[in-house]
Amino acid sequence: MLTPMTRTLLALDGNSVLHRSFHSGARTGYRTPAGRPGWAVRGLLDQLVAAVDRSGADAVVVGFDDPDASVRRERWPNYKAQRADKPLTLTDQLADAAELLTNMGIPVVIPPGLEADDVLAAAATTAREAGWQAVLATSDRDAFALIDDTTRVLRIINGGVEASPMLTPQRLEILTGVTPQQYRDLAALRGDPSDNLPGIRGIGKVLGARLLAEFGSGEAVFADINAGGERCRSCAGPSVTTALAAEDAYARWTENLEVMTPDPSTTVPGDVFDTRLPLPPKPVRRGFASYGLSARQALRILCGEYDPAPHSPQVSGPGHPDGMDGWRPSPPSIRKFAPLPKKAPVLQDTLF
């Protein structure tokens with residue numbers, strides 16, 4: 001059971017956040033003092049520091065994809081097959097980011113043959129089993145299926161952490177029309193073009209949510225199809241019913257589910273809970289300096305290196321932009337330092 005004193009683990013999808021920073025910051029061509037490309041790493045650092053502040057994290061873990069092997073591509077050769085090879089400036093920065101974070105004292109997990117998505121799922125489970133709550137910071141919608149009473153998703157979108165919604169089970173249902181338990185069924189029905197996973201023809205997020213509201217699950221949808229599809233036809237129309245009844249439709253849906261389901265073999269080391277914030281300032285200062293960046297905000301948020309000002313603990317509840325009942329960042333007495341003053345809630349926080 002969550003209480004105001006429940007500690008928070010922030011799990012950040014390193015690949016997702018660094019990819020976004022790579023494309024949004026490419027025009028700057030920013031390089032480190034040593035001449036290496038650094039704009040994507042700089043963006044990752046900015047978003048990491050902002051996510052720690054936003055979530056009130058007591059500990060952090062960052063996940064990255066295995067750059068050399070993919071269990072999913074070996075099993076499903078079409079998975080992400082349409083994607084071009086990563087440019088060297090991106091692969092270099094992915095490797096540099098993992099090394100930099102490790103040197104700063106932030107735990108990094110790169111699961112053999114697997115992806116950052118799997119790390120986030122493992123972090124949510126590990127946090128729950130330890131009596132912690134988790135915040136998963138990613139731009140990948142697949143993480144929506146991981147939301148529950150102890151896990152939120154900070155869905156990073158354009159505008160970065162400050163402009164991104166913090167999703168709880170209630171907010172996800174408002175946003176998508178489905179519960180977290182139904183989300184993977186929805187994603188498998190509509191498919192994911194970015195991963196080269198075709199869905200069922202004619203089913204998008206609206207029709208998919210309508211079907212799941214009517215039937216409760218994808219399995220129940222296909223059970224109705226096998227029984228003649230009368231309810232499905234009434235709910236979604238004859239063309240969608242025909243598409244669902246196609247010979248390969250059920251196989252396509254179940255394959256999508258398998259691809260989208262986190263690998264249960266992924267683990268997050270238990271000592272991630274021992275690497276508590278605040279971090280020692282020296283490696284953080286050194287890491288930022290290696291990129292020619294000011295560490296002032298990072299030292300304040302990650303290391304607590306500032307003179308704390310008197311303030312009142314932040315209380316969450318239905319009206320708070322980042323939480324529902326039972327959620328709030330750990331108080332300063334636990335975190336050892338206070339967060340920066342929050343900005344006014346943005347529109348997306350108010351809605352989601």
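Predicted model: local features only at pLDDT ≥ 70, side-chain atom pairs only at ≥ 80, totals over all residues.

Reader: Where does Lys-80 lie?
Author: Lys-80 lies in the loop between α3 (71-75) and α4. Helices are DSSP runs of H or I with at least four residues, strands are runs of E with at least two, and both are numbered from the N terminus.

Reader: What about the phi of Lys-80?
Author: Lys-80 is not a glycine, yet its phi is positive, about 60°.

Reader: Why flag that?
Author: Because most residues other than glycine have a negative phi.

Reader: Which loop holds Asn-196, and what is its phi?
Author: Asn-196 sits in the loop between β7 (191-192) and β8 (197-198). Its phi is positive too, about 60°. Asn-196 is partly exposed, at a relative accessible area of 28%.

Reader: And just after α14?
Author: There Gly-304 takes a positive phi of about 65°.

Reader: Which residues of α14 are buried?
Author: In helix α14 (residues 296-303), they are Ala-298, Leu-299, Ile-301, Leu-302 and Cys-303. Their cover includes α2 (39-55) and α13.

Reader: Peptide bonds next. What is the one from Leu-277 to Pro-278?
Author: That bond is cis, with omega near 5°. Pro-278 lies in the loop between α12 and α13 (281-289). For background, most peptide bonds are trans.

Reader: Helix packing now. How do you describe a pair?
Author: Two packed helices are described by the angle between their axes and the distance between the axes. Axes are lines fitted to C-alpha atoms, for helices over the stretch in contact, and angles run from 0 to 180 degrees between N-to-C directions.

Reader: At what angle do α7 and α12 cross?
Author: Helix α7 (residues 180-190) and helix α12 (residues 249-260) cross at roughly 125°, and their axes come within 8 Å. They are therefore oblique to each other. Under 35 degrees counts as roughly parallel, over 145 as roughly antiparallel, 65 to 115 as roughly perpendicular and the rest as oblique.

Reader: Which residues meet there?
Author: From α7, Arg-184, Asp-185, Ala-187, Ala-188 and Leu-189 meet Trp-253, Asn-256, Leu-257 and Met-260 in α12. By class, the contact of α7 with α12 has six nonpolar, one polar and two charged residues. Contact means heavy atoms within 4.5 Å. Ala, Val, Leu, Ile, Met, Phe, Trp, Tyr, Cys and Pro count as nonpolar, Asp, Glu, Lys and Arg as charged, and the others, Gly among them, as polar.

Reader: How does α7 pack with α8?
Author: α7 and helix α8 (residues 205-215) pack at about 135°, with axes 9 Å apart. That makes α7 oblique to α8. Gln-182, Asp-185, Leu-186 and Arg-190 in α7 meet Lys-205, Gly-208, Ala-209 and Leu-212 in α8. The classes in the contact of α7 with α8 are three nonpolar, two polar and three charged.

Reader: One more pair. Which residues link α1 and α4?
Author: Asn-15, Leu-18, His-19 and Phe-22 in α1 meet Thr-89, Leu-90, Gln-93, Leu-94 and Ala-97 in α4. The contact of α1 with α4 has five nonpolar, four polar and no charged residues. The axes of helix α1 (residues 14-25) and helix α4 (residues 88-103) come within 11 Å and cross at roughly 135°.

Reader: Which strand holds Thr-151?
Author: Strand β5 (residues 151-155). Thr-151 counts as buried, at 0% relative accessibility. Thr-151 and Pro-169 are 18 residues apart in sequence and 8.8 Å apart in space, C-alpha to C-alpha.

Reader: Whole chain: how many helices and strands?
Author: The protein chain has 16 helices and eight strands. Of its 352 residues, 53% are buried.

Definitions and conventions:
Residues numbered from 1 in each chain as written. Heavy atoms only, no water. Buried < 20%, exposed > 50% of the residue type's maximum accessible area, 1.4 Å probe, protein only.
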